[in-house]
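I opened this model to look up a few things about its chains and their contacts. My entries follow the order in which I checked them.

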Amino acid sequence: MRRWPEPLRVALLLAPALTVVGVFFVGGVAQAVLQSLGHQPLLGESTWSLDAYRAVLTDPAFVASLLLTMRVALISTGVATVLGVGLALLVRRVGGRARMTALFHGTLAIPHLVGALSIGLLLAPSGLLSRVGQALGLVDDAQSFPVLTQDAFGWGIIAEYVWKETPFIAVVALAALSRGVGELEGVARTLGAGAGQRLRSVTIPLLAPPVAAASVLVFAFTMASYEVPRLLGRPFPAMLPVEAFQRFRDTDLGVRPEAMAIATVLAVLSIVVVLAYLRLVAGLTRRQV
Amino acid sequence: MSGPRPTAGTRLRHRAALAVVVLLVLLPLLPVLLWAVADTWRYPDLLPGGLTGRGLRLVTGSSVLGALGTSTLIATAVACLACAVGFPAGRALGMHSFRGRRVVQFLLLAPVLVPALAVTLGLQVFFIRLGLADTVTGVVLVQLMPTVPYAATLLGASYANLDADHERQARVLGAGPWRTVAAVTVPLLRPALVTTWLLTFLISWSEYILTLLIGGGRVTTLPLLLFSAIESSDRTAAAALGLLVVLPPVLLVLVVARLLGSRDDAFLGVARA
């Protein structure tokens with residue numbers, strides 16, 4: 001029996017996966033950067049410049065898009081994280097854990113496209129909520145119902161993300177709570193810690209690492225999704241993925257470097273935010289433990 | 001479980017809070033269910049004025065069935081390929097220690113965190129040049145990017161829990177390396193493989209923008225039909241299609257959840273679907 005040297009075995013085992021990541025991810029990021037700087041792979045005549053970045057950064061549409069993206073991602077992630085953890089603590093207290101987990105798992109599986117449809121039919125001016133408000137005498141007609149979809153602030157987008165991501169955080173927090181947290185809380189109680197102190201110095205620090213990891217995924221997703229802001233948001237200001245795709249689809253090919261510049265900004269931004277957040281959380285948990 | 005025993009009043013309040021949560025989670029699906037069978041549903045009415053089978057006829061029509069076939073074909077191919085590529089990578093991650101491990105882990109995490117659209121815009125010209133744009137093959141290939149890292153990570157976690165002695169015994173008894181994998185490793189990892197297959201299937205099933213970008217609208221999957229139905233503001237058609245898109249994933253995930261208990265890492269994939 002032939003025994004291959006260890007490094008070669010590892011390299012061969014990893015080769016298919018790293019080929020996929022190398023071609024599609026590393027290659028994709030590299031191409032976005034190159035094409036944002038003026039590289040034209042099919043035409044062969046590359047004129048290198050930072051014009052696309054200059055055009056994008058001075059464009060009010062991009063600035064508005066950046067602000068909207070950060071606002072929606074931050075609010076959605078923050079609300080979903082707080083609600084999800086609260087929900088997990090509530091379920092632990094009240095019981096019915098198996099059934100609630102099944103419910104959360106079910107909502108996790110709903111594609112975001114269907115989520116956008118559902119939230120649209122619920123919150124639109126003529127949606128179900130508006131009809132209920134009318135029946136209760138709270139609104140006169142569809143026009144007087146507050147604009148919650150295709151609105152400038154992004155409430156519809158936030159509602160969809162919170163609805164879909166809260167159960168995700170709850171599932172992660174519930175799984176973390178079941179791993180011996182109860183015993184440690186019991187120890188803290190025996191040592192004389194009150195309910196608030198137990199929550200602050202035992203429960204939350206133990207929940208923080210897995211919940212932080214999950215909320216990083218939520219944040220990355222809310223910055224990346226195309227169909228939810230495309231269907232529930234406005235064409236202007238649009239979130240960054242929508243803005244990038246609009247310019248990519250422009251019939252004027254001269255706009256394409258701008259699409260690549262936005263894609264590059266989006267990729268760099270998501271990596272920076274995620275790294276910063278992970279560092280912050282690592283620091284917080286170290287201090288408390 | 002912790003703290004003093006709650007009083008009857010507190011328990012009642014807690015139960016009420018939980019009931020509100022269940023209602024809030026299910027509420028957005030209610031208008032979809034109603035619109036799917038609504039013939040007319042004028043504005044202030046709380047319930048549809050009449051019922052129709054139009055939605056049902058639409059989702060059993062030839063164009064939707066064609067898209068159902070395309071979606072199933074693409075998602076099946078993506079799930080099989082992601083498992084095939086992720087299986088050896090998972091072995092390297094779970095059973096071997098090697099230099100550059102952190103780089104590999106970063107490379108397998110980054111595609112999960114960086115927007116897939118931002119990564120793919122620059123590649124589209126190459127799909128055109130290679131004749132892969134507007135083809136099912138091209139769509140399957142591009143969807144490997146969001147699924148392979150996830151399959152490798154998930155299978156790596158279960159490889160790490162695998163007892164290497166089982167494989168060693170098979171080898172001692174004279175089985176070759178391939179035979180050992182087929183007769184020992186795959187059966188031992190079957191729950192993880194089934195889970196990974198189903199969850200990568202779901203990621204592919206829900207994918208919209210990569211399919212549009214590389215498929216160019218020619219490769220018509222169910223999410224593409226659903227998107228144009230939502231845009232056309234034919235609410236009955238959109239709701240009926242929505243139900244068709246949502247049912248398979250929800251059923252599959254409930255099956256998977258039963259298969260693997262409450263292992264949370266698996267659901268990192270579903271959350272992105």
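**Backbone entries, chain B**

I began with Ser233(B), which counts as exposed because it has 9 C-beta neighbours inside 10 Å. My cut-offs: a residue is buried with 20 or more other C-beta atoms within 10 Å of its own, exposed with 12 or fewer, and partly exposed in between, the C-beta atoms being placed from the backbone. The model is predicted, so local features need pLDDT of at least 70 and side-chain atom pairs count only at pLDDT 80 or more, while totals for chains, interfaces and linings use all residues. Residues are numbered from 1 along each chain as its sequence is written, and chains are lettered from A and ligands numbered from 1 in the order in which they are written.

I looked up the backbone of Ser233(B) next. Its phi is near 55°, a positive value in a residue other than glycine. Ser233(B) sits in the loop between α13 (222-231) and α14 of chain B. Helices here are DSSP runs of H or I with at least four residues, strands are runs of E with at least two, and both are numbered from the N terminus.

Phi of Asp134(B) is near 65°, positive in a residue other than glycine. I found Asp134(B) in the loop between α7 (124-129) and α8 (136-160) of chain B. Asp134(B) is partly exposed, because 15 other C-beta atoms lie within 10 Å.

**Cis peptide, chain A**

Which peptide bond of chain A did I note as cis, with omega near -10°? The bond runs from Phe236(A) to Pro237(A). Pro237(A) lies in the loop between α10 (227-232) and α11 (240-249) of chain A.

**Chain totals**

I logged chain A as 12 helices and zero strands. Its C-alpha trace spans about 80 × 75 × 40 Å along the principal axes. Of its 289 residues, 49% count as buried. I also took contacts in chain A between residues at least 6 apart in sequence: 73% join residues at least 24 apart. Two residues are in contact if their C-beta atoms, placed from the backbone, lie within 7 Å.

Chain B has 15 helices and two strands. The C-alpha atoms of chain B fill a box of roughly 75 × 70 × 35 Å along the principal axes. Of the 273 residues of chain B, 45% count as buried. Among contacts in chain B between residues at least 6 apart in sequence, 74% join residues at least 24 apart.

**Record entries, chain A**

I checked the UniProt record (unreviewed entry) for chain A. UniProt annotations may be inferred rather than shown by experiment; positions use the numbering here and feature names are shortened. In the model, residues 66-277 of chain A are 76% helix and 0% strand, with end C-alpha atoms 18 Å apart.

The record also gives "transmembrane region" at several spans of chain A, including 102-124 and 161-181. Residues 102-124 of chain A are 83% helix and 0% strand, and their end C-alpha atoms are 29 Å apart. For residues 161-181 of chain A I have 86% helix, 0% strand and end C-alpha atoms 29 Å apart.

**Domains of chain B**

Chain B is divided into domain 1 (8-51) and domain 2 (56-272). The bounds come from an automatic or database domain assignment. The centres of the two domains of chain B, taken over C-alpha atoms, are 33 Å apart. Four residues of domain 1 of chain B contact six residues of domain 2 of chain B. On the domain 1 side, helix α2 (residues 29-37) of chain B gives the most, with three residues. That side has four nonpolar, no polar and no charged residues. By my classes, Ala, Val, Leu, Ile, Met, Phe, Trp, Tyr, Cys and Pro are nonpolar, Asp, Glu, Lys and Arg are charged, and the others, Gly among them, are polar.

**Interface of chains A and B**

I counted 80 residues of chain B in contact with 84 residues of chain A. Helix α14 (residues 235-260) of chain B gives the most to the chain B side, with 11 residues. The chain B side holds 63 nonpolar, 10 polar and seven charged residues.

Helix α5 (residues 112-123) of chain A and α2(B) pack at about 90°, with axes 8 Å apart. Axes are lines fitted to C-alpha atoms, for helices over the stretch in contact, and angles run from 0 to 180 degrees between N-to-C directions. α5(A) and α2(B) are therefore roughly perpendicular, a label for angles of 65 to 115 degrees. Leu117(A), Ser118(A), Leu121(A) and Leu122(A) in α5(A) meet Leu29(B), Pro31(B), Val32(B) and Trp35(B) in α2(B). I sorted the residues of this contact into seven nonpolar, one polar and no charged.

Key:
Angles under 35 degrees count as roughly parallel, over 145 as roughly antiparallel, 65 to 115 as roughly perpendicular and the rest as oblique.
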